[in-house]
Amino acid sequence: MSDISKAFANGKAFIPFITCGDPDLETTEECIVKMQEAGASMVELGIPFSDPTAEGPVIMEASIRALEAGCTTDKVFDMAARLRSEKGVTIPMVVMTYANVVFSYGIDRFCKRAAECGISGFILPDVPFEEKEEFASVMRGYSLDFVSLIAPTSEDRIAKIASSAEGFIYVVSSLGVTGVRSKINTDIEGLTSQVRSSSNVPCAIGFGISTPEQAKNMSGHADGVIVGSAIVKLIARHGKDAPSYVFEYVKSMVDAIS
Amino acid sequence: MEQSKGRFGIHGGQYIPETLMNAVIELEEAYNHYKNDPEFNAELTKLFNDYAGRPSNLYYAAKMTEDLGGCKIYLKREDLNHTGSHKINNVLGQALLAKKMGKTRLIAETGAGQHGVATATAAALMGMECKVFMGKVDTERQALNVYRMKLLGASVMPVTSGTATLKDAVSEAMREWTTRIDDTHYCLGSVMGPHPFPTIVRDFQAVISKESKRQVMEAEGKLPDYVLACCGGGSNAIGSFYHYIEDEGVHLIGCEAAGRGIDTFETAATINTGSVGIFHGMKSYFCQNEYGQIAPVYSISAGLDYPGIGPEHAMLHDMGRAEYVAVTDDEAVNAFEYLSKIEGIIPAIESAHAVAYAMKLAPTLPKDKVMVITISGRGDKDCAAIARYRGEDINE
């Protein structure tokens, strides 16, 4: 077990996502420091993958920019280590990436390095419950959590996924890929109450959330709110000047849910 | 550790977002039910025979045999099927299955456009809506097929993300499927993707080797010694191999697209240049870098321009049961012209990769050996591109 529970210990958690290396790792690093300052409870570090099939255009394009700028798995690990040792980042950090990024690095080697850098767990959107053990069995040896996702289409699968969940449960708010949505149509309340009846692990809602109003609504049904594309978009717009904008945005979201 | 479902050795599996899991489970259950249903099979056989024009001919290529001076060469003529390629076999099966499952809409990816045309055709026949994802680059090099799909009532979505070719079309079709699984079936065109697709597509394509085995026995009184097929994702290759896998004396050879050569970065020869990875729902071999980033691949053939290969091929390679060889653009174009001139058969540029390897192998084999080459599709669609390759600009 990791220290992820720490993120949910003081009220509702706000969990920002960032595509590492877009526009460069120095900016990413600075943004993460600002996220903590603004009150984020945990941060998701996206290691870019060339073909992110669960992502919408915003994160897909950011991933390509990051790879073109030379971002690699090793450089993301080095950044995470610096955040812990030099930049005073103490909130839990989880890695979000795709199965092949972990597999090609060597699952054991990946987990070992992640643990050394102060990473708490992984979110792998293309690894469902059925394929989980290949990764989770190795992670446990390093006290890393495998974060499970639950979707609006999970239905009869919810109980089995939730009852073996570790760290936190990522509740996917909508069908489709990541990205900003003006409206979320799923019965979130029904979904999270089903999750809660099978598990005491905290649950956080993500996919499609961008405004403080949406965050406030969603936080009523869960322990935390995850925002990705809206932040990645801000960084795309402001480039190296993004950290101060990210600070303002994260603060507005944290204020909305507390 | 216990292996998950749909494994071929270490390969295969179901590496997909949770949103899609119940959709693939529903598909697997439906397939397991209908594959043994006599009524379903009778309907499919009727479609194969009356609509697609099966069984396809096994043609003895006498002039080619004589010219190459080695083994006897037969061509399995999938190019004679309705819509001009083997793709119709899989599509009729999946469309019928989707219809039985109550789906009203088909989506598909396409590279060369053959699978897109086949899917649009089946959708028209069965009164279903159809949307085809095709890399922008491919829509340009296969403009005629784009028009054919539209003519058949399908909408074509040019995909601009990534390399704007087949892999990006697959990613985009998967993304679309996650937004709409209630009424939509993803009609995957090759023996790839998450379980149960590699098995379903293989079973529908296995009709190729089921027929060829009987046809060769009738013509020669024995099994063939060599079976050759081109291999990108690998659907015509697995269909051509399947009923011979247990017959160990039959050499199975998949011909990959080497593009400008396997020692260059402009290649799509997955087994010859790739390594084991996880992508598009499956574990298999992929062209990728040391960090698992999928490599941009290249081949003159849009249908073979894919950075992965189906998991069953990956297993056949690991076992040493099938051999995978690399054929360059140049060799394939020569073979395209050769078969046209010597037998009066214009093969698809994809199929020409298998013909090219046969041109190297056949002369080295004794005259009493028998080789079957699958001509997976016809080459009309490629004429303009090959003319350009030879420096001639023609209007389609």
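Modeller: A quick definition before we dig in: a helix here is a DSSP run of H or I with at least four residues, and helices are numbered from the N terminus. Also, this is a predicted model.

Biologist: Okay. What's the volume of the largest pocket?

Modeller: About 460 Å³. It's lined by 19 residues, and the closest to its centre are Thr45(B), Phe48(B), Asp203(B), Val207(B) and Lys210(B).

Biologist: Which helix gives the largest share of that lining?

Modeller: H2(B), with six residues. Helices H9 (197-205) and H10 (207-220) of chain B, like H2, each supply at least two.

Biologist: And how do the residues of that lining divide?

Modeller: Nine are nonpolar, four polar and six charged.

Biologist: Is the crossing left-handed or right-handed?

Modeller: H2(B) and H4(B) cross in a right-handed way. On the H2(B) side the contact includes Phe40(B), Leu44(B) and Phe48(B), while H4(B) brings residues including Ile88(B), Leu92(B) and Leu96(B). Ten of the contact residues are nonpolar, two are polar and two are charged.

Biologist: New topic: which residues are closest to the centre of the second largest pocket?

Modeller: First, its volume is about 390 Å³. Of its 20 lining residues, Ser50(A), Leu67(A), Gln293(B), Ile294(B) and Pro296(B) are the closest to the centre. Helix H2 of chain A (residues 57-68) gives the largest share of that lining, three residues.

Biologist: What classes of residue line the largest cavity?

Modeller: There are 18 polar, nine nonpolar and four charged residues in the lining. Elements of chain B that each supply at least two lining residues include strand E5 (105-110) and helix H15 (349-361).

Biologist: And how much space lies in the second largest cavity?

Modeller: About 130 Å³. It has 17 lining residues, and Tyr170(A), Thr178(A), Val227(A), Gly228(A) and Ser229(A) are the closest to its centre. Strand E8 (224-227) and helix H10 (229-238) of chain A are the elements that give two or more residues to this lining. By class, the lining has ten nonpolar, five polar and two charged residues.

Note on methods. Residues are numbered from 1 along each chain as its sequence is written. Chains are lettered from A and ligands numbered from 1 in the order in which they are written. This is a predicted model: local features need pLDDT of at least 70, side-chain atom pairs count only at pLDDT 80 or more; totals for chains, interfaces and linings use all residues. Side-chain values use heavy atoms; hydrogens and water are left out. A crossing is left-handed if the near helix is turned anticlockwise from the far one by less than a right angle, and right-handed if clockwise. Contact means heavy atoms within 4.5 Å. Ala, Val, Leu, Ile, Met, Phe, Trp, Tyr, Cys and Pro count as nonpolar, Asp, Glu, Lys and Arg as charged, and the others, Gly among them, as polar. On a 1 Å grid over the protein atoms alone, a cavity is a set of points where a 1.4 Å probe fits but cannot get out, and a pocket is an open set with protein on both sides within 12 Å along at least five of seven lines; lining residues have an atom within 4 Å of a point. Grid points are joined across faces, edges and corners, and a volume is the space filled by probe spheres set on the points.
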